[in-house]
Every structure is written in structure tokens, then in C-alpha cells.
Amino acid sequence: DMAAGMATGKAWFKVPEAIRFNIIGKKPKHVSGKDLILHIIGMIGVDGALYRSMEFTGEGISELNIDDRLTIANMAIEAGGKNGIFPVDDIAADYMKAHGNRPYKVYEADPDAVYAEEYTIDLSELKPTVSYPHLPSNTKTIDEAVSDHIKIDQAVIGSCTNGRISDLRAAAEIIGSRSIADGVRCIVIPGTQKIYLQAMEEGLIKSFIEAGAIVSTPTCGPCLGGYMGILAAGERCISTT
């Protein structure tokens, strides 16, 4: 497939069926796009959208900023999805205007579009959510997770799904003037060099280092099992990857 793509500039794909996720309600303060997509994966499973397009619509979309949407679209693959699609609203249009000057075309679903499945999700009912080993679908809400009293050896903040400036700001706010606990490694990986620079300018990197965290260059790391942050036998990590 790779050779054919390099030689012809084309690749073979089957046109996927679509699953529609109708998002309604208001998002609670500490619920993010990551919690929404983990909730969905926990609901439909890691193969629930296998070779299908995941289409997110509804009035609740306005509650999701671009960082939320990028995280959700990024993680569509964790449900087996071919892609994750959002409507182009004012939030998306403003983002395009701020980050590029190329013309773009807006695509929308046909009014009579047929969906393989449809789900309605009320944002107001969601809670912060975490996945347990060994699948993203093994989800627990924060109150369920806290009750397990699991001691961790490492925390990783960052990655392609949650290494944006909003994520780093949230982490720095939680850490505050406190220090990383003895016996725990905390690794921070900004998503891009631009985010790294912005975090430096805002003093976030200084806060992380003073708290005892390690700040890495923007790259793939423990998420793919490539370098720094690889766990030893028996170690436990909480991670945004």
C-alpha cells in the first residue's frame, strides 16, 4: 500500500458508513473533550466504530472548543473509527481564520443522510473519566477511580491528544505551589514547539520544573513506548496519552 501510494499518489479506501453522535446539554466545569471521547469508547467499545466515520453534531457542539474537538477526532481511531468529523460552526471558522489564509470548502451531511447507528449524549451527565488497563474502553469515572486508592509511580502530561496549551494551563493550575510527591516521576510533553514556547512565556514550564517535573521536547514518547517514561515491571502510571 505504501509503495502504491508513493508511486501513484493514490490509496484505496472503502467509503465508510457513519455513526452519528448527537451532543446535547452543557459541559460541567471539569469535563473536557477527552472525557467525552472516553465515555463514547467505553460505551461502544474499541471496535464499536470499526471502519466507520464518527460524526459529532448537535447543540452541545458549541460547548466544545477546538482543543476538545481535536482530541475527540484524534481518538476516533481508539474506537476503530476511520475518522472523526465536526460541523463547521463559528468556532471552527474563527480558528481557521486565525491559523491559516488558504480558502477552504465546507462540507455538511445531507439532510436525508442515513446512519448505521445514532447516539445521544448529554454533556451535563458526564464526569471526568479515565481508562484502566488494558483497553481505552475500560473506563471509570473519577469518583469510581478515586475509590480504588491506586498508588502511582509516574504521571505523564501531554501527547498529541492532550499536550495543548489549555492542557498545560490546567495542569499548572492544579499543581499550583505544590511539589511532585516523593517517589513519583512527572513528565510533561508539550504538543508542539509553538506550544512549548507559549508555555515558557506564560511561566508554565517554570512552574512544572519548580514542582519537580521533567519537561521534554515535543515528540512521541511513552505513548508509543519509544523513550523516557517507559514503565518498569509492576509500575503504575496515570497519563493523558
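**Burial and overall build**

I call a residue buried when its relative accessible area is under 20%, exposed when it is over 50%, and partly exposed in between, using a 1.4 Å probe and protein chains only. With that rule in hand, I looked up how much of the protein is tucked away: buried residues make up 34% of the 241 residues.

A note to myself on the source: this is a predicted model, where local features need pLDDT of at least 70, side-chain atom pairs count only at pLDDT 80 or more, and totals for chains, interfaces and linings use all residues. Residues are numbered from 1 along each chain as its sequence is written, and side-chain values use heavy atoms, with hydrogens and water left out.

Next I went through the secondary structure and found eight helices and 10 strands. These are DSSP runs numbered from the N terminus: helices are H or I with at least four residues, strands are E with at least two. The radius of gyration is 19 Å, close to the 18 Å that the globule rule gives for 241 residues, so the protein is as compact as a globular protein of that length. Here the radius is taken over C-alpha atoms, and the rule is 2.2 Å times the number of residues to the power 0.38. I also noted the box that the C-alpha atoms fill along the principal axes, roughly 60 × 40 × 40 Å.

**Contacts and charges**

I count a contact when heavy atoms are within 4.5 Å. Among contacts with a separation of 6 or more, 77% join residues 24 or more positions apart.

For charge, I take Lys and Arg as positive and Asp and Glu as negative, leaving out His and the chain ends. Each charge is placed at NZ of Lys, CZ of Arg, CG of Asp or CD of Glu. That gives 23 positive and 31 negative side chains, with the centres of the two sets 4 Å apart.

**Cysteines**

How many disulfides does a search of the whole structure find? The search finds zero, where a disulfide is a pair of cysteine sulfur atoms within 2.5 Å. For Cys237, the nearest cysteine sulfur is that of Cys186, 9.4 Å away. Cys237 is partly exposed, at 29% relative accessible area.

I spotted a cis peptide bond from Pro133 to His134, with omega near 0°. His134 sits in the loop between strand 5 (129-131) and strand 6 (139-141).

Tyr51 is in the loop between helix 2 (33-44) and strand 2 (52-57), and is partly exposed at 28%. Ser159 is in the loop between strand 7 (154-158) and helix 6 (165-175), and is buried at 12%.

**Two residues up close**

Is Val156 buried or exposed? Val156 is buried, with a relative accessible area of 3%, and belongs to strand 7.

Lys127 lies in the loop between strand 4 (117-122) and strand 5 and is partly exposed at 40%. Setting aside neighbours within four places, Lys127 touches Val31, Asp35, Thr141 and Asp143. I also checked Lys127 against Asp1: they are 126 residues apart in sequence and 41 Å apart in space, C-alpha to C-alpha.
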